[in-house]
Amino acid sequence: MRLRRLCGAVALAVALGASHAAPPTPPPAAAQMVRVQPSAGQVPANLLRLSIEFAARIEGPVLPRLALLRPDGKPLAQPFLAQELWSPNGRILTVLMHPGRVKTGLNAREVLGPILVDGDDVTLTLDGHPIQHWRVGPADASGPAVSAWRLSSVRAASRQALVVTLDDAIDGREADYIAIADPRGRRVSGQALLKDGERTWAFTPHAPWRAGEYRLIARGTLEDSAGNRLGGRFETPADAPAAAPADAALAFTVGPAPSSASAHRP
């Protein structure tokens, strides 16, 4: 009986100890960060937005924990718009640079000056930890130009990736703004990703290519990180407003698969 009581007391003590144990400390947000876009080493002086992808949902506001630092460690004053734009899964945060200081002729820019200046070096920090460094280049005043994109060739009966070299980097969150239509006009299912500093779009179909005429289609609202829209620009004069967005397309051909004899020809 005494032994049974002793065992019960020990089990109760273990249970109470477990219930009062301190919860595990979550890793710092910077340690959970997956990537920052733009991912290239240089950004335009009129950079409008950036995004931060985390491995898991982040609780609480993140914007107050971000800073843009000069090489001397001093933070840039009021660089961000006080608004957090989160993806539906709560893992990707889009941060807008203060547009009133990016666009010319506005009061905020006249009073506080531009946020970034060509030739600057800046470091993005989260909770004081550096997570991305950029060299600031000239302002980018033109949007993506589909006519200047270059497509790789792909073979029928293969799942070879179609690689598209863009004329310049596009916004890192807009890989799905580009799609492939098959000879019957149906969207081809597959996986798209951006790489090389968002200057290359690569698409791998879920099913092998079939011989025929395809089209690469870019949505008219596709933008770069400076907010320049497809075939347009972020800044437009008041007397010449931007035209309505229009999709653009590039046709390409997937040739027939090589015969077995030619495929094995030395």
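The following legends describe close-up views of a predicted model.

In this predicted model, local features require pLDDT of at least 70 and side-chain atom pairs count only at pLDDT 80 or more, whereas totals for chains, interfaces and linings use all residues. Residues are numbered from 1 along each chain as its sequence is written, and side-chain values use heavy atoms, with hydrogens and water left out.

M33 lies in strand β1, residues 33-37; strands (E, at least two residues) are DSSP runs numbered from the N terminus. Contact denotes heavy atoms within 4.5 Å. Not counting residues up to four places away in sequence, M33 touches I52, E53, F54 and I131. The C-alpha atoms of M33 and F54 are 4.3 Å apart, although 21 residues separate the two in sequence.

**View B. The largest nonpolar core and L116.**
A nonpolar core is a set of buried Ala, Val, Leu, Ile, Met, Phe, Trp, Tyr and Cys residues joined through side-chain atoms within 4.5 Å. Buried means under 20% relative accessible area, with a 1.4 Å probe and protein chains only. The largest such core holds 28 residues, and the members touching the most others are I52, L66, L68, F80, M97, L116 and L124. At least two residues of this core come from each of β1, β3 (49-54), β4 (66-69), β6 (92-97), β7 (121-126) and β8 (129-137). A second, separate core comprises 24 residues, including V154, I170, I178 and F203. Leaving aside neighbours within four places in sequence, L116 has contacts that include V43, P44, A45, L47, L68, L76, M97, V122 and V136.

Two strands pair if DSSP finds at least two bridges between them. β4 and β7 run antiparallel and are joined by four bridges; A67 stands opposite T125 in β7. Six bridges join β7 to β8, also in an antiparallel arrangement, and V122 stands opposite W134 in β8. β7 and β8 form a hairpin with two residues between them, and D127 in the turn has a positive phi of about 55°.

**View D. The open sheet of four strands.**
The strand order in this open sheet is β9-β10-β13-β12, with antiparallel pairing. β9 (150-151) and β12 (190-195) are the edge strands, each pairing on one side only. Two bridges join β9 to the antiparallel strand β10, residues 162-165, where V164 is the bridge partner of L151.

Terms used. Buried means under 20% relative accessible area, exposed over 50%, partly exposed in between (1.4 Å probe, protein chains only).
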